[in-house]
Amino acid sequence: MSSENSYGNNEDEIQRGPLSNKSAVTTLAQQNEVYKNLDYMLIPIFIIILGGVTVFLVSLTIGDWDYWQDWRDRRWWPLVTPFSLIIGPAVFTYFFWTYFRLPIAGTAITVGYTFGVLISRYMNFHVFAGFPVNFIAPSTFIGMALLLDTVMLVTRSFYFTGLIGAFLFAIVVYPLNWPMMAAFHVPVEYNGTLVTVADLMGYEYIRTAIPEYVRIIEESTLRTFGEAVTPLTAFFAGFVTILNFYLWVWIGSKLTQARWLTKLI
Amino acid sequence: MATVVQNDKSGMQQESEGILSSLLYPKSGSGMPKFPAVATIAILVIGGSFFGVYRWYQQTYSFSVGMDYFEPEFDTYWMNLLYAQLVIIALVGSVGSALVWFSRPDANDVAHMEPLQELSIYNFIFALMAAASFFIVVILAVFVEADAAWHQVTIRDTDFTPTHIGLFYMAIPLGMDAIILGWIWVHTRMPDFQNRVSIPLCLVAMAPILIMPNLGLNEWGHTFFYAEELFAAPIHWGFVTMGWGLFGMAGFILQCLARVRILTSLVGEEGSEKAAA
């Protein structure tokens, strides 16, 4: 079994026979017309398909930590979110930069994700299952992706994009989303216990398949850690996201190749 | 007389082929292929209506007759739908694949396709992918997360919940049919894809199949040791292979663009001058 890349393939030509290398265009104006036409189709392909795929991957790896307002805790949500979300941007940062010199992967994916997730959350969690919209509103990730892409644009290096961009991508999850979450973290007293507004909403809207023991991670002595928890999580998330970015850039370099299988034996 | 009738039929056939061709492969004033807007909108309307009606059915009958697997109404409204759609999807996949394969043109004709025609077909492939991108969002976002939302307001008593019937036994197999038909069509109709196999397109075609082992594990696991439905639970992690497989579309697009680049290279005097400039 052998496979090869699109470029420079004599063996392939023997298999398939020579193809015509005639062009369909004769003028620069015609060429530009074809290329602009392609842009109209390629832009939605990349943004919307990748957005849809990212909604799916986020569901399976971040899932309930992003579905519910009361699950956005200080330890797991800011860690798992950038670690998992960097996969698509890493793969396609390799693809867009290597083949097109475009530092747009993160932004394209998170914009597409936002489009898909807003439709899904409204249709499914609100219209279908009856949860209030503010309880299931998605987080915002576009700012994280802008930082990643900006570092790629400025440094033109996968190494520095990982080291600086992926780190920034991870540490801003909490501050970026804080304006949307703050109102739900206001303390209230509930039956003599101090809880947040988000917690109270969680008690009121019973979720039948995720009992409380699945959600609560800040238990017993973990509560004694004070304000340092969020920045500490952010820095740890930064370091592991750097490693995950490098891993997925490498996987992306394999996954996005234009390879052909030319013979089976 | 017979000849006249035959000529008329052939004329009508030519006319309808001309209309179809102008819908799928429209050309601009300069003779270059342009975005097939009418065909794309038609695909979006037809596909959107299908998924819209299915979604309406799901919304209407999930909570009224879809909560208890052991009620006769569940059988009527959901299990019959499941059986019907499985048969239809299997037929579409098998008959469609046979049709696309056996109606393939002569390999020599494909190899000698006119450049403008080939470029027009690539244009149509990209338009089809742009339209399909909306259905990817419908399947991977709307139908997947409908399941996530459903589990949080119900107690589950079957593998065949109303949302599973819509997701695992309708939307994903239908997508699988579409990708497999597309795979055969591209490899038998496009000169650059003849007599070799696109590995990234195989990866895309394999993407929905890759989740099948995890689908088995998931359903078995939920009947055995994991009653909760945390969506990001380890028992669900294996489903990510479908998303990762779809990343292969990047390689397929590269393969198409590599050929489009040849089909749009400037070889005349004007092109050489511009290129030099």
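A: In this predicted model, helix α5(A) passes helix α13(A) in a right-handed crossing.

Q: Which residues make the contact of α5(A) with α13(A)?
A: Ile87(A), Ala90(A), Val91(A), Thr93(A) and Tyr94(A) of α5(A) meet Asn244(A), Phe245(A), Trp248(A), Val249(A), Gly252(A) and Ser253(A) of α13(A). By class, this contact has 7 nonpolar, 4 polar and no charged residues.

Q: What makes α5(B) roughly antiparallel to α10(B)?
A: In chain B, helix α5 (residues 115–151) and helix α10 (residues 249–263) pack at an angle of about 150°, and their axes are 10 Å apart. Angles over 145 degrees count as roughly antiparallel, so α5(B) is roughly antiparallel to α10(B).

Q: What is the handedness of the crossing of α5(B) and α10(B)?
A: The crossing of these two helices of chain B is left-handed.

Q: Which residues meet between α5(B) and α10(B), and how do they divide by class?
A: On α5(B), the residues in contact include Pro115(B), Leu119(B), Tyr122(B) and Phe126(B), and on α10(B) they include Phe252(B), Cys256(B) and Leu263(B). The contact residues divide into 12 nonpolar, no polar and 2 charged. Glu118(B) of α5(B) and Arg259(B) of α10(B) are among them, and Glu and Arg count as charged.

Definitions and conventions: Residues numbered from 1 in each chain as written. Chains lettered and ligands numbered in written order. Predicted model: local features only at pLDDT ≥ 70, side-chain atom pairs only at ≥ 80, totals over all residues. Heavy atoms only, no water. Axes fitted to C-alpha atoms, helices over the stretch in contact; angles between N-to-C directions. Helix = DSSP H or I, 4+ residues; strand = E, 2+ residues; numbered from the N terminus. Parallel < 35°, antiparallel > 145°, perpendicular 65-115°, else oblique. Left-handed = near helix turned anticlockwise from the far one by under 90°. Contact = heavy atoms within 4.5 Å.
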